[in-house]
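Take a walk through this structure, one feature at a time.

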Amino acid sequence: MNYQLLSDDDFNNLFISENLKRLRLANNLSTVQVAQIIGKSRQGYVNYESGAREISIHDLITLSGFYNVRVDDIIGNPYSNRNEKALTFRTFEHIDDKIVPSMQLTISTINDDMIAYKKSDLEIDFFWRTQKNQKNRVMLFEYYDKVYVSKVYFNKDHGGFFFINEEPLYFTKANAENLIFKGVYASTLKKDLVIENFF
């Protein structure tokens, strides 16, 4: 499977898209209503919110005035509480059927792009932040102000379903506007021993 690193422009579009969607939902507005505010078609606005098209300066200023927020609040990183700590571990790796010491492994939060979901005292799942659904991948997302972890499946009419406790929950195309993707599953950290101060 090929993974492509996102450019700075890609990250900027993701931030703007997520901020636009959050502002719209926080104000209980539909995409049609916001489109009318900026004088665009519904699809024209949806292209902004999905990141398919870069928002114009005029529309950015119009929306910042309407929502009574700074332009920076729309274009900025919604996850600005950076924690630039790093963890370094003594490391071994498997090479040629042997376990040998290797360069120390460092885990850093400098990019502020991971979300931790504590499933229990012994298990944490990590999600890479993205507001785009990744097909056939487990996602962390909000739906009508509740947070879920599941794969999300869309059908041709843009409705779909996801699972809650192994039972499918179906949504329509209109309901899909209330899906806010937060991250895609990246890894799990489990422990078998209770070690003080280790998560």
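Two rings of Phe, Tyr or Trp count as a pair if their centres lie within 6.5 Å, and planes over 60 degrees apart make the pair edge-to-face. This model is predicted. By that rule, the structure holds 15 aromatic pairs.

Start with Phe127 and Tyr185. Their centres are 5.9 Å apart, with 75 degrees between the planes, an edge-to-face pair. Phe127 belongs to strand E4 and Tyr185 to strand E10, so this pair ties together parts that are 58 residues apart in sequence. Phe127 is buried, at 0% relative accessibility. Tyr185 is partly exposed, at 28%.

Next come Tyr143 and Phe162. Here the centres are 5.5 Å apart and the planes stand at 80 degrees, so this pair is edge-to-face. Tyr143 lies in strand E5 and Phe162 in strand E8, so parts 19 residues apart in sequence are tied together. Tyr143 is buried, with 8% relative accessible area. Phe162 is buried at 0%. Ring pairs link both into a cluster, with members including Phe141, Phe171 and Phe181.

Strand E8 leads on to a sheet. Three strands form an open sheet in the order E7-E8-E9, paired antiparallel. E7 and E9 stand at the edges with a single partner strand each, so one side of each has no neighbour in the sheet. Five bridges join E8 to E9. In one of them, Gly160 is partnered by Phe171 of E9.

Residues including Leu87, Ile107 and Leu193 make a nonpolar patch of about 640 Å². Strands E1 and E2 each supply at least two of its residues. Leu193 sits in the segment after strand E10. Leu193 is exposed, at 58% relative accessible area.

Definitions and conventions
Residues are numbered from 1 along each chain as its sequence is written. This is a predicted model: local features need pLDDT of at least 70, side-chain atom pairs count only at pLDDT 80 or more; totals for chains, interfaces and linings use all residues. Side-chain values use heavy atoms; hydrogens and water are left out. Two strands pair if DSSP finds at least two bridges between them. Helices (H or I, at least four residues) and strands (E, at least two) are DSSP runs, numbered from the N terminus. Patches are made of residues with over 30% relative accessible area and no salt bridge: like charges are joined within 9 Å, nonpolar side chains (Val, Leu, Ile, Met, Phe, Trp, Tyr) within 5 Å. Accessible areas come from the Shrake-Rupley method with a 1.4 Å probe; for residues, only the protein chains shown count as cover. A salt bridge is a side-chain nitrogen of Lys or Arg within 4 Å of a carboxyl oxygen of Asp or Glu. Buried means under 20% relative accessible area, exposed over 50%, partly exposed in between (1.4 Å probe, protein chains only). Rings of Phe, Tyr and Trp (its six-membered ring) pair if their centres lie within 6.5 Å; planes under 30 degrees apart count as stacked, over 60 as edge-to-face and the rest as tilted.
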